[in-house]
Amino acid sequence: MQRNLKSITLSSLTLAFAGCLSADAGHDGDAQGAQTQRGSAGVTALGDPLPGTDPVAFAAARDNFAEEEDITDGIGPVFNEKACGNCHTTPVVGGSGNQIERRFGKVEKGIFYGYDQPYDNQGGTLRQLFSNETYQSGAASCSIPVEREPADATVHNVGRRTLPLFGLGLVDAMPDAFFDLLVAIEPAAQRGTVLRRIPDFPDSRDPNQSFTRQRVQRFGIKNQQTNLVSFAGDAYLNEMGISTQSCFRGQSVLAFALDNQSNNTRLADGCNGGDLAPVQTADGIPTYTDDAVGPCTDPATGAAIDEVQDDLANFTLFMERLAPPPPDLSDPVATGLGAVVFANAGCVNCHSPLPFVTPPRPFNGVPGNYVFFPFSDFAVHDMGSLGDGIGNTGDTVAATRRMRTAPLWGARFNTQFLHDGRAKTLRAAIVAHDGQGRASRDAFARLSTSDQNLLIRFVNSL
Ligand code: HEC
Ligand code: HEC
């Protein structure tokens, strides 16, 4: 019943957006010289850094992101790839990619189980696709089996496609309250859920982050992560099998310090934790952590140490300085009309057309007052049959259907869509919407072919 209802809020969103399009198409609409994704702020090509970025540091960080590592660097015992840049490739380093990761789980009496509790710990829902197989560690001959789905899993082989990373530093800079506002103005039937938790690794440059304060979860297909430095640590561990330890204001960050063992099976003695990285000897650092910064207080002075392990620091720097995808405004009339069709079909209820503006002095050093248009609310929505069925242990089945609104900026640079890459075209992605997206999918289906094409052209311009 609600599906054709357009609230005042929505029409004003549309107006706000139409306004920004015409400002871009016609003249430079930046009153105080603020920089924008759509303006002439020096952003030219995909993969360029944001304005104000040191090009040498950025290039070095990108090299680190693209660098392949091996068993002596700590890859494994199980992993998905040997470099961040081996997955994030399309069409340049930092982009989306063809790799699909695999997850599994079990639903029992309506509750999700993620194989991460003592009674049946298989190392969580991610099934790493490769292992170090057979290697010699001193006198020991070691063999690491490839991971398998437990026989009693009920949620099987769920795919997750590699996401693009452009513009994410700007998203990291946004204050929590902005995400609350985005969902507050959504119609009740489509309203997203803003999730919050304590960061695995709070970003010490931000006075608002700590081990005692929750932050809005905004990164990952399910919004599993709160900030980019945590995603860097998480990906280094879970995609590449490289474990790290860092220091946050004098406290040791151990969330990424222990390698995953294949299906959590105990490793034979003498196998060096499953890879051939040098062992750690400092107090308080797990022996087999692959890369550690060491104790988090200065032994001589007792002063608190604040240090991000150097690979994580580089991955974070590269990601946060990657500029957003440049929009294609070559046909402003078609895309202008398409914007109206997009709004009328209710796409804007989740793929928010509102301008995002970074704070005046972002904690992470991205430009202040920078205007950008990701076309997402970065909230999760119950997507019905499009949900991937993966959750955290204890979640209801309804919670496992929640997916983050995929940002639509740069969609034309991607080769596959939706969480598992099942859609090869935008049209296929749109008609797969279900749950809270169903009314909008139906509205799209009712459009004339020419209106559908205008809408798709509009999405391809973002
Ligand atoms: C095996 C392929 C693969 C490798 C290697 C890989 N990623 Fe990813 N990346 C993915 C996939 C798949 C996703 C989506 C996963 C999800 O959210 O569940 C993703 C998502 C991300 C996101 C979230 C993007 C967003 O829109 O929220 C970040 C950040 C990221 N990766 C950073 C990294 C970093 C840093 C590295 C290296 C340490 C890395 N990735 C290595 C496949 C990969
Ligand atoms: C209720 C919220 C909601 C509405 C309304 C909605 N979407 Fe989505 N959209 C999502 C979510 C959530 C995803 C991610 C689904 C997934 O991960 O599989 C998504 C994914 C997409 C994708 C795939 C992008 C990618 O990179 O994978 C496209 C394209 C898309 N939506 C376009 C549209 C269009 C066009 C409309 C209007 C006809 C629309 N959406 C309406 C929530 C919504």
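Which element gives the largest share of the shell around ligand 1? The answer is H6, with five residues. This is a predicted model.

**Ligand 1**
- The shell around ligand 1 holds 25 residues, and Asn80, Cys84, Cys87, Phe219 and Gly220 come nearest.
- Sorted by class, the shell around ligand 1 has 14 nonpolar, six polar and five charged residues.

**Ligand 2**
- Ligand 2 is surrounded by 30 residues. The closest are Cys347, Cys350, Phe417, His419 and Gln436.
- At least two residues of the shell come from each of helix H10 (426-431), helix H11 (438-446) and helix H12 (449-459).
- H10 gives the most to the shell around ligand 2, with three residues.
- The classes here are 18 nonpolar, twelve polar and no charged residues.

**The sheet E3-E2-E7**
- Three strands make an open sheet, in the order E3-E2-E7, with antiparallel pairing.
- Strand E3 (111-113) and strand E7 (155-161) are at the edges. Each has a single partner strand, so one side of each has no neighbour in the sheet.
- On average, neighbouring strands of this sheet are turned by 40° against each other, direction ignored.
- Three bridges link strand E2 (residues 100-108) to E3, in the antiparallel sense.
- Valine 107 has phenylalanine 112 in E3 as its bridge partner.

**The sheet E11-E10-E12**
- Another open sheet has three strands in the order E11-E10-E12, and its pairing is mixed.
- Strand E11 (251-253) and E12 are the edge strands, and each pairs on one side only.
- Strand E10 (residues 244-248) pairs with E12 in the parallel sense, over two bridges.
- Threonine 244 has aspartate 291 in E12 as its bridge partner.

**The E5-E6 hairpin**
- Strand E5 (residues 133-137) and strand E6 (residues 140-144) run antiparallel and are joined by five bridges.
- The two strands form a hairpin with two residues between them. In the turn, glycine 138 has a positive phi of about 60°.
- Threonine 134 has serine 143 in E6 as its bridge partner.
- Glutamate 133 is in strand E5. Its phi is positive, about 55°, although glutamate 133 is not a glycine.
- Is glutamate 133 buried or partly exposed? Glutamate 133 is partly exposed, with 13 other C-beta atoms within 10 Å.

**Helix packing**
- How do H8 and H12 meet, and at what angle do the axes cross? The axes of helix H8 (residues 332-344) and H12 cross at roughly 105° and come within 7 Å.
- H8 and H12 are therefore roughly perpendicular to each other.
- H8 brings Ala334, Thr335, Leu337, Gly338, Ala339, Val341 and Phe342 to this contact. H12 brings Asp451, Leu454, Leu455, Arg457 and Phe458.
- By class, the contact of H8 with H12 has eight nonpolar, two polar and two charged residues.
- In H11, the buried residues are Ala439, Ser440, Arg441 and Phe444. They pack against H10 and H12.

**Loop residues**
- Alanine 304 sits in the loop between strand E12 (291-292) and H7. Alanine 304 is partly exposed, with 13 other C-beta atoms within 10 Å.
- Leaving out residues up to four places away in sequence, alanine 304 touches Arg249, Gly250, Cys296 and Thr297.
- Alanine 304 and glutamine 251 are 53 residues apart in sequence, yet 7.8 Å apart in space, C-alpha to C-alpha.
- Asparagine 272 lies in the loop between E11 and E12. Its phi is near 60°, a positive value in a residue other than glycine.
- Why does asparagine 272 count as buried? Asparagine 272 is buried because 20 other C-beta atoms lie within 10 Å, and 20 or more is the cut-off.

**Cis peptide bonds**
- Glycine 76 and proline 77 are joined by a cis peptide bond, with omega about 10°. Proline 77 is in the loop between helix H2 (55-66) and strand E1 (78-79).
- Threonine 90 and proline 91 are also joined by a cis peptide bond, with omega about -5°. Proline 91 is in the loop between H3 and E2.

How values were computed
Residues numbered from 1 in each chain as written. Chains lettered and ligands numbered in written order. Predicted model: local features only at pLDDT ≥ 70, side-chain atom pairs only at ≥ 80, totals over all residues. Near = placed C-beta within 6 Å. Helix = DSSP H or I, 4+ residues; strand = E, 2+ residues; numbered from the N terminus. Nonpolar A, V, L, I, M, F, W, Y, C, P; charged D, E, K, R; others polar. Pairing = 2+ DSSP bridges. Axes fitted to C-alpha atoms, helices over the stretch in contact; angles between N-to-C directions. Buried ≥ 20, exposed ≤ 12 C-beta atoms within 10 Å, placed from the backbone. Contact = placed C-beta atoms within 7 Å. Parallel < 35°, antiparallel > 145°, perpendicular 65-115°, else oblique.
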